[in-house]
Amino acid sequence: MQSAPAVLCLQQITKQFERSSVPAVNEATLALQQGELLALLGPSGCGKTTLLRLVAGFEKPQAGLIDLAGKQVCSDCRWVTPEQRSVGVVFQDYALFPHLSVLDNVAFGLKQQARQGEIAKPQVQKLAHEAIQLVGLKGFEQRYPHELSGGQQQRVALARALAPRPPLILLDEPFSNLDVQVRLYLRQEVRNILRQIGASGIFVTHDQEEALAISDRVAVMRQGHIEQIDTPETIYQQPASRFVAEFVTQANFIPARRQGAGWQTEIGYFDPSAISRWQKVAANDRAVAAELMIRQEDLGLESDPTGELVVRDRQFLGREYKYSILTPSARLLYARASTHQRFSVGDRIRAAISPGTLRLFPGSAADPGLLDEPLADAPIPTATAQFSAAFRP
Ligand SMILES: Nc1ncnc2c1ncn2[C@@H]1O[C@H](COP(=O)(O)OP(=O)(O)OP(=O)(O)O)[C@@H](O)[C@H]1O
């Protein structure tokens, strides 16, 4: 993947709307390789759609460079219009012409290209039929949009974007209007189709599971910045910041205070073996406060009538239970556990965490309850010794 030529290069792209005090996209830099599928993931308003629109040419940035398929399409002295950029765009609401048949919708852009002499006229019908076949709508050519389901309409929109065979397809929340079954099926199919024709794609989503499931890389955005861009595995296992960790994994965070070689929290003492990558904090030997990240699936639960954690709620999710756990300081933690072992609301439990699953993030020294205590290497309190035994391999 890394050796393939870049289809898209963004350098330091910044866009600030009028009457807005902060940029919607702030110095975004990324390169997309040929055949690669990138997800733009982030909370509402973080700039995902604006970034996509900048690539398409629907918005002009104040600063930065955009290269598409080896050609500069945006710089201080160069601007290529959306029609002249080789990108296909699929919108959330399909944006089909209601008075045109499926075939005419798909052929619409191709006919314009033929009029401008960009493609030969006989190519129009050929490319349109190929695209319709590619998205599995052969036989539906003469139907109108109102005669199609939402999923079928989105396929037409996809066929229209794919028909001219652009090297890059942009998809703005393409599945969000579809019900869950169609959504799961179609997102896999879009991925397969793009792979089949070797096109690159960027799709916007605020659904972390969707981003991780179908993309080759994920760009997590926050307040206009690309906070981290990497493979789904790396984003999940090695989030670069607490924001990425929280948004992508929905992990638990507990304030921790350095104690000896390890870290003390209200749910126990964690020695170094519990922690997967603690370079971030360990690099700063003087850091006394941190936040410990525990993923929901890594928070193991064990029955313990004297335990300080209490089951507050249990949700049945089919393959697993999701528990809400109340800590002594009334903090809520979430755990996902197999259905083989079932706890009831009110049960007292203790946490059992597998070695190497925790991560540390720089923490605030202002956390109450922990940092009021002396920071010297005090012995581990008896109540937590039990936990530390569970954490140690
Ligand atoms: N045309 C516009 N004029 C002024 N501000 C805009 C315009 N379009 C977007 N914004 C602002 O820019 C910021 C980024 O918006 P954008 O639509 O890119 O976010 P998003 O991440 O796609 O959000 P969502 O997931 O809700 O669609 C927001 O604060 C939004 O209000």
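Colleague: In which sense do strand 10 (residues 217-222) and strand 11 pair?

Modeller: This is a predicted model, in which local features need pLDDT of at least 70 and side-chain atom pairs count only at pLDDT 80 or more, while totals for chains, interfaces and linings use all residues. Residues are numbered from 1 along each chain as its sequence is written. Strands (E, at least two residues) and helices (H or I, at least four) are DSSP runs numbered from the N terminus, and two strands pair if DSSP finds at least two bridges between them. Strand 10 and strand 11 pair over five bridges, and the sense is antiparallel.

Colleague: Which residue in strand 11 stands opposite Val 218?

Modeller: Strand 11 covers 225-230. The residue opposite Val 218 is Asp 230.

Colleague: Which strands are the edge strands of the open sheet?

Modeller: The sheet has six strands in the order 7-8-9-3-10-11, with mixed pairing. Each edge strand pairs on one side only, and these are strand 7 (87-90) and strand 11.

Colleague: At what angle does helix 4 run to strand 7?

Modeller: Helix 4 covers 150-162 and lies across strand 7 and strand 8. Angles run from 0 to 180 degrees between N-to-C directions, and axes are lines fitted to C-alpha atoms, for helices over the stretch in contact. Residues are in contact if their C-beta atoms, placed from the backbone, lie within 7 Å. The angle to strand 7 is about 170 degrees.

Colleague: How far apart are the axes of helix 2 and helix 3?

Modeller: Helix 2 (residues 102-115) and helix 3 (residues 121-134) pack at an angle of about 140 degrees. The contact includes Val 106 and Leu 110 of helix 2 and Val 124 and Ala 128 of helix 3. The axes are apart by 9 Å.

Colleague: Is Arg 165 buried, exposed or partly exposed?

Modeller: Arg 165 is in the loop between helix 4 and strand 8 (168-172), with a positive phi near 55 degrees. A residue is buried if 20 or more other C-beta atoms, placed from the backbone, lie within 10 Å of its own, exposed if 12 or fewer, and partly exposed in between. Arg 165 has 14 such atoms, so the class is partly exposed.

Colleague: What is the phi of Ala 69?

Modeller: Ala 69 is in the loop between strand 4 (63-68) and strand 5 (71-75). Most residues other than glycine have a negative phi. Ala 69 is not a glycine, yet its phi is positive, at about 45 degrees.

Key:
Contact = placed C-beta atoms within 7 Å.
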